[in-house]
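Please find below a colleague's note on the model under review. The points run from the overall fold to single residues.

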Amino acid sequence: MDAGDEGYSKTLKTRHVNMIAIGGAIGTGLFLGAGGRLANAGPSLAIAYAVCGFFAFMVVRALGELVLHRPSSGSFVSYSREFMGEKGAFVAGWMHFLNWSTTGIVDITAIALYIHYWKMFTTIPQWVLALIALAVVLTVNLISVKIFGELEFWFSIVKVGALVVFMCIGIFLLVTGEKVGGHDSGPMLMFDHGGVFPHGWLPMLVLVQGVVFAYASTELVGVAAGETENPEKVMPKAVNSIVWRILVFYIGSVVLLAMLLPWSEYKEGVSPFVTVMSKLGVPAAGDIMNLIVLTAALSSLNSGLYSTGRILRSLGAAGSAPRFTTAMSRSHVPYGGILMTGAVCVLGVGLNAWVPKKAFEIVLNFASIGILGSWAMIMLSHLLFVRRTKTGELRRPAFRLPWSPVSEIVTLVFLAAVIVLMWFDYDGAGHMTVLAIPVIVLALVVGWFCVRGQVREKQALRVERARD
């Protein structure tokens, strides 16, 4: 039992967890990031989404098996502690914090960019809009987990509904042969204008780290399982449903976008869905779609604050994070960790004031490092879990990661390959991000030496209580 699991109310219902799983698979990376990536890689972006989507599913499937082994709000931090000790939990937790604190900055930046789409808001500085968005979502997240679940449920309803409507419109345009923005729509657009790989293979490969970011929220379903009553029934369905969501919403959407307009029509910083709807000439179509993608960014920010609050509390209970991260409100919300994440996001507000045009891509790459680290810890934990089951110490649930242990090893190789690809991203922020990895490692080492005494004290105290 994870000490950080105490005090939570099991108020998330099946529909909440299912929609959190959906919302995790549909976020800012698709609604905003796909525009710039289509402009850089062309139709080959669909291949990148397919490959990264496969490995994202492997990670979530492994996490799902660990959840059925032992549900925990500490999620993969708790599992890293069980199978790799406190050092493993320390690395997993703080890499997750790096991921979601920087993702929060990406989200508030995206929100500000979306709001700037409307001319009435263009005079308001980007950093002011980012600060307002953070304040609103932070307040909502601090009230109760039930309100978080309801908000995320309706956010996901809006996102899924919007994509379904868009895809129905897109398919209708393809079937009827209607022009979009003066261009003939159809499958031939994927092969015209330079073909599937208009700039060669390298741009698609370099963009992989950004595509990985698009799937970052999928692991949140594991955190939510710790606050639901029947994870044994809910988790298998929620995890398995991620496969078809990836196929339909990510790969299907990108293929559809590539068949509706030439890839050169899409632009960085502008949602590709807004681009298509605006070119249709339908009154307010772009405005409606922009409002929907704004909802997606708010959903991602909401989920990030939720998960880091729980993860930091698990770390704090073990002595690996500041004591205030263990603080719990009367409504069973770990507000200490949530406020800590919000404080980092405030730094993102400053980034929006300093370099508003580059804020999104700069922070996106650092978020990708956090994601890669978190996913690697999940796969390592699962690999060690399977080894223990082979010795008879533990039993594997019926819901399992297929092809283990090959699945874990291949996924870890893929994650390492993504870092190598980032190194060759000389024109973007990828190369600089890889250069920052030694700094991140040094910070983790220094951080561990700072907290190891407190961690040992907590461990000794838990042993004494167990004996009593």
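**Notes on the predicted model**

1. The protein's secondary structure consists of 18 helices and two strands, where helices (H or I, at least four residues) and strands (E, at least two) are DSSP runs numbered from the N terminus. With a radius of gyration of 22 Å, close to the 23 Å from the globule rule for 468 residues, the protein is as compact as a globular protein of that length. That radius is taken over C-alpha atoms, and the rule is 2.2 Å times the number of residues to the power 0.38. The C-alpha trace spans about 75 × 50 × 40 Å along its principal axes.

2. The model is predicted: local features need pLDDT of at least 70 and side-chain atom pairs count only at pLDDT 80 or more, whereas totals for chains, interfaces and linings use all residues. Residues are numbered from 1 along each chain as its sequence is written, and side-chain values use heavy atoms, with hydrogens and water left out.

3. Of the 468 residues, 58% count as buried; buried means under 20% relative accessible area, exposed over 50%, and partly exposed in between (1.4 Å probe, protein chains only). Contacts (heavy atoms within 4.5 Å) with a separation of 6 or more come to 80% from residues 24 or more positions apart.

4. The largest nonpolar core contains 137 residues. Such a core is a set of buried Ala, Val, Leu, Ile, Met, Phe, Trp, Tyr and Cys residues joined through side-chain atoms within 4.5 Å. Helix α5 (residues 75–115) gives the largest share of this core, 18 residues. Y49, W94, F166, V212, Y215 and W375 have the most contacts inside the core. Beyond residues up to four places away in sequence, V212 touches C52, I371, L372, W375, F414 and V418.

5. Helix α12 (residues 272–279) is largely enclosed by the rest of the structure, because six of its eight residues are buried. The buried residues are P272, F273, V274, T275, V276 and M277. Just after α12, G281 takes a positive phi of about 80 degrees.

6. Which residues does S253 contact, leaving aside its neighbours within four places in sequence? They are L163, M167, V248 and F273. S253 belongs to helix α11 (residues 231–260) and is buried, with a relative accessible area of 0%.

7. F148, in helix α7 (residues 145–176), is buried at a relative accessible area of 2%. Its contacts outside four places in sequence are I20, N141, N302, S303 and Y306. F148 and S303 are 155 residues apart in sequence, yet 8.3 Å apart in space, C-alpha to C-alpha.

8. W354 lies in helix α14 (residues 335–354) and counts as exposed at 69% relative accessibility. W354 and W127 are 227 residues apart in sequence and 8.7 Å apart, C-alpha to C-alpha.

9. Some backbone geometry deserves a check. Most residues other than glycine have a negative phi, and most peptide bonds are trans. S404 and P405 are joined by a cis peptide bond, with omega about 5 degrees; P405 is in the loop between α15 (359–390) and α16 (406–423). H193, in the loop between β2 (183–184) and α8 (201–206), has a positive phi near 55 degrees and is partly exposed at 42% relative accessibility. H332 has a positive phi of about 65 degrees; H332 is in the loop between α13 (285–318) and α14 and is partly exposed, with a relative accessible area of 33%.
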